[in-house]
Amino acid sequence: MWLWLSENLATLVGALAVAAVLALVAWKIVRDHRRHKGGCGGGCGSCPNAGFCHPDAQSAEHR
Amino acid sequence: MSITIALAGNPNSGKTTLFNDLTGSSQYVGNWPGVTVEKKEGRLKGHKDVVIQDLPGIYSLSPYTLEEVVARSYLVKEKPDAILNIVDGTNIERNLYLTTQLIELGIPVVVAVNMMDLVRKNGDRIDTNKLGEALGCKVVEMSALKGQGSLEAAEAAIAAAQEKKQGEHPHVFTGSVEHAIAHIEESIQGRVDAQVLRWHAVKLFERDEKELQELQLAQDLKTHIEQHIADCEKELDDDAESIITNQRYAYISRVIDRAVKKKASRHALSVSDKIDRIVTNRILALPIFVVVMWAVYTIAMGGTKVSIGTMATDWTNDVLVSEWICGNLGAWMEAIGCAPWLTGLVVDGIVAGVGAVIGFVPQMLVLFFLLAILEDVGYMARIAFIMDRIFRRFGLSGKSFIPMLVATGCGVPGIMASRTIENDRDRKMTIMTTGFIPCGAKMPIIGLFAGALFGGSGWIATSAYFIGVGAVIVSGIILKKTKLFAGDPAPFVMELPAYHIPSAKNVLHATWERGWSFIKRAGTVILASSVVLWFLQGFGFVDGVFGMVEDNNTSLLASVGNVVAPVFAPLGFGTWQGAVATFTGLIAKENVVATFGVLYGFAEVAEDGAEIWTLLAGDFTALTAYSFMIFNLLCAPCFAAIGAIKREMNNAKWTWIAIGYMCGFAYVVAMIVYQLGMVFAGHFGVGTVVALLLLAGLVYLLLRKNKYQDSELRVPVRSVAAK
Ligand SMILES: Nc1nc2c(ncn2[C@@H]2O[C@H](COP(=O)(O)OP(=O)(O)O)[C@@H](O)[C@H]2O)c(=O)[nH]1
Ligand SMILES: [Mg+2]
């Protein structure tokens, strides 16, 4: 058991790290989707119609 | 108590620049009119109780365009506490037209004469005191771009709001008109607020349709009012609306005579005018446009000595991603004893996919930077003007081209910008064709093929851009001749802003926003789909047993891809990789490149230090690559853009028509290019015949007579290149 663990330690740690990154990415994608954000490739700050996507995030304090 | 100050003014007078300066936000400062119809709200820096409202740019308060309707209904119905009227000092006559209407609204008005830096440079003098006396309101000077006088202007507006004092109405109209207006005021007294009495009376005098609808006057009252209008019209021998317009202009020119001293004589041409003589010249305009875009794409994505973008991209690809990350990361993971599958996932999946896309970031940044400069300088507004001239001949409005200028960054805001088009058919058509313009995310596809197969020629990207523009024009003409889209062009007022030195802040901001969101997407959506793809291309059935495969041609993904691939065979890229990439491109267009990175083992090849895309180049010829590129540029856009199409169409049927049209058009064009290209290579077959028939069909649709157009094209009255 210990032997197996020590032999595969690098793989285990690596796999965990990759899984963590993927979980983070998935969480971010879902969150952006929920907030209707990141749909377009232009970036919203420079978008002339940003107000349509984020009508509430308009006032200066939110930025 | 909170105070609301509305910023009103002509398009391009600097409202948004002022808004950003006052509120500290970073709204988009476009240098062309009519991209936005929304109103934006922000709070004045340091004054939490003062709300600043940015309105769309308008020339008047008549309800001809959507912008005017939005601004007018806000001013009349929601009644801000004060109006800060931004006036472009270099164009004061035309700008004051709106001012004469705003002061009738019964809301305190402060006029801020903007662009004073330019006015002074021209050697002109504006006497704000005299101007203020004549208009009956406070007039201040400012230069929003330089941040001079902005705060003072806002403070003057706050003071005016607190005083609640509205100026005396200046005598804009002549005796008989004022007489009629006074009678109208009398008859509608009590029906509207005393403050706005004059505004409503003038509008009724003009027989403004919206006004008549809203006031719902009784029939006898209407007849009574009509009598006064008719009397006045008879006396002045003109129709009521023109009387008002003409007298407003006459009034303005009296005011100008008193308060403004111009150095240059009226007829002298400014530098901008001189440049425009060449740049918007009937014959030279298009060649110049081509050369300008070619220069932009050569610097950003070409393979010459000045191609900064390509040099940086080559370095990221060859050194940063291949040598440093792929080479070392793989070796290191093996050394510490990671299982081969994990190393594969990280190096051949994540790094290969994300790295392939990230490599193009420098090219994109340079491209966006140059496009932002072209826009800010004022050149892009000329393009819309040139396109209007071409479009108008076919019964289309140049207003359809503004969304396409926006779409060079991203299709989603481009599609949304189509809202400014009032005419429903033209708007639908614009939504359908805006996606043809190569957006930022399509650039890596172009860059990839230009680099791998065309020796980095700047012409590949230039041609891709003009294929997009051409697709828009051709589609516009074809569709306009069908029953679904026939009709007169919408009126489009295109005013050309004077050329000016680009503002570093605007340009860098736009570049950064776009570049950063591209990088963010690479780290999320592209990363996730690279991992999924790596699994799909790494597993399959070998001798009836499911497991990891050595050669991804035997993978599950390959067998699925091979089912679809024949559909694309007539276009020349009937490989499973091409088919898969076309579909993954729907998630985001740059995913096409990430997909190739994973499928062609971007990382593995790179380790040997070989040209990274040689394997890819082996599967494509120049012709099939070009055909693949065309198809992927023109076919259905990414899901985000499809979502935008769905929202704007607000109708499932029309969404499908749009997507179907785009895919069909892409297929036909790619097929014509591929099959006819093959003729040069000596191939002639069934495909050639089909392609020729398709080409003939396309030409017929383009040239056939338009049944739905009146024999005489009615050209709208207000198409001007002002200045
Ligand atoms: N020279 C000069 N240019 C200005 C000034 N204010 C704005 N601009 C430029 O005018 C253009 C239009 O500005 P924008 O704020 O988008 O106008 P809007 O259409 O009224 O919102 C931009 O290119 C600005 O950089 C100014 O005070 N001086
Ligand atoms: Mg604006």
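α1 of chain B gives the most to the shell around ligand 1, supplying 3 residues. Helices like this one are DSSP runs (H or I, at least four residues), numbered from the N terminus. Both α1 (15–23) and α4 (116–121) of chain B supply at least two residues of that shell.

This is a predicted model, where local features need pLDDT of at least 70, side-chain atom pairs count only at pLDDT 80 or more, and totals for chains, interfaces and linings use all residues. Residues are numbered from 1 along each chain, chains are lettered from A and ligands numbered from 1 as written, and side-chain values use heavy atoms, without hydrogens and water.

Which residues come nearest to ligand 1? Of the 21 around it, they are N12(B), K15(B), T16(B), T17(B) and D117(B); a residue is near if one of its heavy atoms lies within 4 Å. The shell holds 6 nonpolar, 12 polar and 3 charged residues.

Here are some polar contacts (pairs of N or O atoms within 3.5 Å):

| Residue | Its atom | Ligand 1 atom | Distance |
|---|---|---|---|
| G14(B) | backbone N or O | oxygen | 3.0 Å |
| T16(B) | side-chain N or O | oxygen | 2.7 Å |
| D117(B) | polar side-chain atom | nitrogen | 2.9 Å |

The protein covers 94% of the 580 Å² of accessible area that ligand 1 has on its own, by the Shrake-Rupley method with a 1.4 Å probe.

How confident is the predictor? Chain B has a mean pLDDT (confidence per residue, from 0 to 100) of 85, and 93% of its residues reach 70 or more. Over residues 711–723 of chain B, pLDDT stays under 50. Where pLDDT is low, the predicted coordinates should not be read in detail.

How values were computed:
pLDDT = per-residue confidence, 0-100. Contact = heavy atoms within 4.5 Å. Polar contact = N/O pair within 3.5 Å; in protein donor to acceptor, adjacent residues only side chain to side chain. Nonpolar A, V, L, I, M, F, W, Y, C, P; charged D, E, K, R; others polar.
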